[in-house]
Amino acid sequence: MNLPGDTVVLRDIHQPPAPGWWPPAPGWWVVAGGLVAVAAVAAWIIWRKRQRRRVFASMFDDAVATATTPPERIAAMSELLRRAARRIDPEADTLLDDDWLRFLDRGSKLPNFAAGAGNLLRDGAYRRDVSEVQVDALRQLARARFMDWMTHR
């Protein structure tokens with residue numbers, strides 16, 4: 001019992017020590033799990049796209065490589081482009097001559113097929129002598145258009 005003249009010694013409140021950083025609270029585990037899941041899904045989608053591109057590139061390259069003469073390579077490229085064109089427009093494979101070449105140029109900045117190296121698609125498969133340089137230039141154009149259409153969704 002304290003008497004009125006006695007002084008009472010008061011002590012300050014003692015705070016408990018701050019919590020450590022490990023282990024994190026359950027909410028942080030959920031956030032980390034969500035980030036890992038999002039990263040895994042994104043990595044899987046990127047891997048699938050790259051795999052599809054590799055498959056289509058291999059399909060194009062193998063089909064052109066199996067042709068032995070330049071006119072046969074041109075015919076193989078034309079066939080592959082017509083197959084890919086059906087993904088864009090179901091009636092595209094029925095187009096002929098300049099209509100077909102203009103369709104191939106659709107969406108391009110330059111008329112590479114109608115007025116450039118791609119013009120070889122019009123009659124190159126029926127020529128006896130076609131330059132390898134022309135076929136290689138056409139192959140680059142055709143492969144780029146094929147890959148664009150086949151990987152387009």
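Arg 86 is partly exposed, with a relative accessible area of 43%, where buried means under 20% relative accessible area, exposed means over 50%, and partly exposed lies in between, as found with a 1.4 Å probe on protein chains only. Its partner is Asp 93, and the two form a salt bridge whose closest N and O atoms are 3.2 Å apart; the term stands for a side-chain nitrogen of Lys or Arg within 4 Å of a carboxyl oxygen of Asp or Glu. Asp 93, at 24% relative accessibility, likewise counts as partly exposed. This is a predicted model, in which local features need pLDDT of at least 70 and side-chain atom pairs count only at pLDDT 80 or more, while totals for chains, interfaces and linings use all residues. Residues are numbered from 1 along each chain as its sequence is written, and side-chain values use heavy atoms, with hydrogens and water left out.

The whole structure holds nine salt bridges, and one of them joins Asp 61 to Arg 143, with 2.9 Å from N to O. Because Asp 61 lies in helix H1 and Arg 143 in helix H5, this pair ties together parts that are 82 residues apart in sequence; helices here are DSSP runs of H or I with at least four residues, numbered from the N terminus. Asp 61 is partly exposed at 23%, and Arg 143 is partly exposed at 25%. Together with Arg 139, these residues are linked in a network of salt bridges. Another salt bridge, between Glu 79 and Arg 83, has its closest N and O atoms 2.8 Å apart, and here both residues lie in helix H2, four residues apart, about one turn of the helix.

Two packed helices are described by the angle between their axes and the distance between the axes. For helix H1 (residues 26–66) and helix H2 (residues 70–88), the axes come within 8 Å and cross at roughly 145°, the axes being lines fitted to C-alpha atoms over the stretch in contact, with angles that run from 0 to 180 degrees between N-to-C directions. The residues of this contact divide into six nonpolar, no polar and three charged, where Ala, Val, Leu, Ile, Met, Phe, Trp, Tyr, Cys and Pro count as nonpolar, Asp, Glu, Lys and Arg as charged, and the others, Gly among them, as polar.

Trp 22 counts as exposed at 54% relative accessibility, while Trp 29 counts as partly exposed at 48%. Phe 103 and Trp 149 form a tilted pair, 5.4 Å centre to centre with 50° between the planes. This pair links distant parts of the chain, with Phe 103 in helix H3 (residues 97–105) and Trp 149 in helix H5, 46 residues apart, and both residues are buried.

Helix H5 (residues 132–151) also holds Arg 145, which counts as buried at 8% relative accessibility.

Conventions
Helix = DSSP H or I, 4+ residues; strand = E, 2+ residues; numbered from the N terminus. Phe/Tyr/Trp six-rings, centres within 6.5 Å; stacked < 30°, edge-to-face > 60°.
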